[in-house]
Amino acid sequence: DSAVIQGLKDRRTELQSEYQESLKIYKPDYPKMQQLQQQIKFMEHESQQLKLKLSDNRQKLMFDTLTGARSRLSYEEILGQEFSRWERYREAFSFAIFDIDHFKNVNDRFGHNAGDKALRIVAELMNKHIRKTDFLFRIGGEEFVLLLPKTELQHASPLADKIRNSVGESKFHFKQEQLKLTMSGGLTTVLPLDTAEDLYERADKALYEAKQQGRNRLVTLTD
């Protein structure tokens with residue numbers, strides 16, 4: 001797409017050059033000049049329309065179509081920005097991974113439509129309880145990531161647990177049957193030598209421990 005835009009820009013430059021050359025002629029060819037002007041305006045319009053389309057498509061890619069949570073593409077971009085701020089200003093942030101417990105059983109027992117509905121409800125509940133400055137991502141399957149900028153661990157922990165509890169306390173029905181949904185979570189905070197991979201692996205390890213301890217709980221790791 002960027003190549004197409006560049007091609008349009010190059011063609012517009014050529015047309016503008018032709019137009020300027022025609023002005024140097026003692027007896028200008030006015031019909032040709034008008035034609036060149038129209039072509040230049042058309043190329044500028046096409047270029048602008050393509051830019052708007054690319055911007056709209058990119059915006060759509062930043063969100064998960066099923067749940068409305070931010071997408072993996074958005075996750076990589078925003079987490080990168082957060083690390084840049086951390087490296088420059090040393091503003092602490094916290095990071096949590098949440099996973100719906102026994103989600104496979106929902107799909108196996110009730111089908112994927114029920115699973116999709118469960119994912120949408122969970123995302124809605126989580127989005128309802130996060131702050132305006134926080135970011136919720138769905139990065140795959142039943143796994144969600146919560147990014148809490150400018151938030152140290154002691155403040156992130158009660159917020160993450162509140163979000164997790166909101167799912168466990170919800171009443172989810174599918175075809176007149178109530179399903180109990182719970183979530184496990186792993187929470188951590190950024191450390192001085194962390195990379196994005198280090199941060200994710202530590203939160204994932206905390207999530208694994210939450211699963212091992214019986215699920216439906218939040219585990220925090222700091223090293």
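Reply: The side chains of Asp134 and Arg131 meet in a salt bridge, 2.8 Å from N to O. A salt bridge here is a side-chain nitrogen of Lys or Arg within 4 Å of a carboxyl oxygen of Asp or Glu. Asp134 is buried, at 5% relative accessible area. Arg131 is partly exposed, at 35%. Buried means under 20% relative accessible area, exposed means over 50%, and partly exposed lies in between (1.4 Å probe, protein chains only).

The model is predicted: local features need pLDDT of at least 70, side-chain atom pairs count only at pLDDT 80 or more, and totals for chains, interfaces and linings use all residues. Residues are numbered from 1 along each chain as its sequence is written, and side-chain values use heavy atoms, with hydrogens and water left out.

The structure holds nine salt bridges. One of them joins Asp108 to Lys104, with the closest N and O atoms 2.7 Å apart. Both residues sit in helix 4 (residues 103–110). They are four residues apart, about one turn of the helix. Helices (H or I, at least four residues) and strands (E, at least two) are DSSP runs, numbered from the N terminus. Asp108 and Lys104 are both exposed.

Next comes Arg109. Its partner is Glu177, and the closest N and O atoms are 2.5 Å apart. This pair links distant parts of the chain. Arg109 lies in helix 4, Glu177 in strand 5 (residues 177–179), and 68 residues separate them. Arg109 counts as exposed because its relative accessible area is 58%. Glu177 is partly exposed, at 31%.

There is also a network. Salt bridges link Asp99, Asp101 and Lys211.

Now the helix packing. Helix 5 (residues 112–129) packs against helix 6 (residues 153–168) at an angle of about 145°, their axes 9 Å apart. Axes are lines fitted to C-alpha atoms, for helices over the stretch in contact, and angles run from 0 to 180 degrees between N-to-C directions. From helix 5, Val122, Leu125, Met126 and His129 make the contact. Helix 6 supplies Leu159, Lys162, Ile163, Ser166 and Val167. Contact means heavy atoms within 4.5 Å. The residues of this contact divide into six nonpolar, two polar and one charged. Nonpolar covers Ala, Val, Leu, Ile, Met, Phe, Trp, Tyr, Cys and Pro; charged covers Asp, Glu, Lys and Arg; the others, Gly among them, are polar.
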